[in-house]
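Have the viewer ready as you read.

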There are 2 protein chains.
Amino acid sequence: MNKKIYFSSKDISNRMVARLTEYLRILKEENKTKKTLNSIDLAEKMNSTAAQVRKDLSTFGEFGTRGKGYSIAELIKIIESILGVDEENQLILVGCGKMGSMIASNTDVLGKNFKLVAVFDKDKEKIGKKIDYTDLEIKSIKELKTVVKETEITQAILAVNKEVAQKVTDILLENGIKAILNLTASRLEVPSEICVVDVDISAKLQELNFWRRHVYLKNLD
Amino acid sequence: MNKKIYFSSKDISNRMVARLTEYLRILKEENKTKKTLNSIDLAEKMNSTAAQVRKDLSTFGEFGTRGKGYSIAELIKIIESILGVDEENQLILVGCGKMGSMIASNTDVLGKNFKLVAVFDKDKEKIGKKIDYTDLEIKSIKELKTVVKETEITQAILAVNKEVAQKVTDILLENGIKAILNLTASRLEVPSEICVVDVDISAKLQELNFWRRHVYLKNLD
């Protein structure tokens, strides 16, 4: 890739990063049948405007050719590079209840270039058992320190009961974890240099329920 | 409740509805130990400003007493009413793979006042089997029409393989479903009067991965 990727903090918001994941998903889908895509078509898929698409993508450099649109393959490479998913990212999972086991045994959920290398639980009945369809053996949370030190992994998925979410988070941070995908319905208190992204299915269901009941509001603007 | 709840379409955005779910979560947590909460403390929990909190809550009426703050119990009732989670909301689930089974057997994931009343799959090996820890028996997708008609349910959770997500969505809409919580990594094409909320764990993991790699951007503003 000979084009420069650059961006500054002012250009990047949480919503911008979320849009990047959506661009990537769309581009991979389009890549199955097309070689180029213009900003109008990309905007339609994004439920956005061509101006917004051009603004978003210009944040990272000069891409696309006037009249021809964006090279899909090139744009995929660029966005994968920005998101850091152009290479394998290892992570650990803590909590092998229903949610945790589902994710550990179903790595499609994580997507390309994310790899679970260790799973932990505090339940003695679970420790030592294999996760179905994988080579992962459930380890005691007491082994966390050694594993994090050996593997230098800094990213974790948290799938424990919400009642212990903060306590387990504190243990993760003490042991060198810097980024947490939080699948619990609890919000985590962490220092500002720690990254947390929440996935809360029950909150999303409440949102859906609102829109279902107030669908007349949906298309008024 | 003698205070009026009102709002117009101009006041309500997707982000506003998402914030309401977050207010509700915080208020329920605070309700365990307190009776009132002022906008400053609520803002701190929301990672927001007191002005934003007052603006958000004033969208729905005149709540709170100067100097005393908001009555937590009252505000919970109001927000539950707005989100429609002050009464039971029934829904169906389509797709009993790993993700679907996890949700069906672990109804805590759905939260208060959401109840799964039927689960569907197309796999003959699964049809007729019970979901663990529940009374739910997996039905054939062919029975969808009858169930939706009998129960008048309009809300569904979609947990099928992403390759068939659109096809199954079309079947859901033909049979009267109006709102879908989409747990697949596919985006659904639906008419404008249909509500869809996506929960995409792999996209959230990509976001986390970005922030982990660019943590220096996180606190510059």
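The side chains of Arg213(B) and Glu87(A) form a salt bridge, with 2.6 Å from N to O; the term stands for a side-chain nitrogen of Lys or Arg within 4 Å of a carboxyl oxygen of Asp or Glu. Across the interface of chain B and chain A, the rule finds four salt bridges. This is a predicted model, in which local features need pLDDT of at least 70 and side-chain atom pairs count only at pLDDT 80 or more, while totals for chains, interfaces and linings use all residues. Residues are numbered from 1 along each chain as its sequence is written, chains are lettered from A in the order in which they are written, and side-chain values use heavy atoms, leaving out hydrogens and water.

Now step back to the whole interface. Here 69 residues of chain B are in contact with 69 residues of chain A, contact meaning heavy atoms within 4.5 Å. Together the two chains bury about 6200 Å², 65% of it on carbon and sulfur atoms; buried area is the accessible area (1.4 Å probe) that two parts lose on being put together, summed over both.

Next, turn to chain A itself. The axes of helix H1 (residues 14-30) of chain A and helix H3 (residues 50-58) of chain A come within 11 Å and cross at roughly 100°. Axes are lines fitted to C-alpha atoms, for helices over the stretch in contact, and angles run from 0 to 180 degrees between N-to-C directions; helices are DSSP runs (H or I, at least four residues), numbered from the N terminus.

Conventions:
Helix = DSSP H or I, 4+ residues; strand = E, 2+ residues; numbered from the N terminus.
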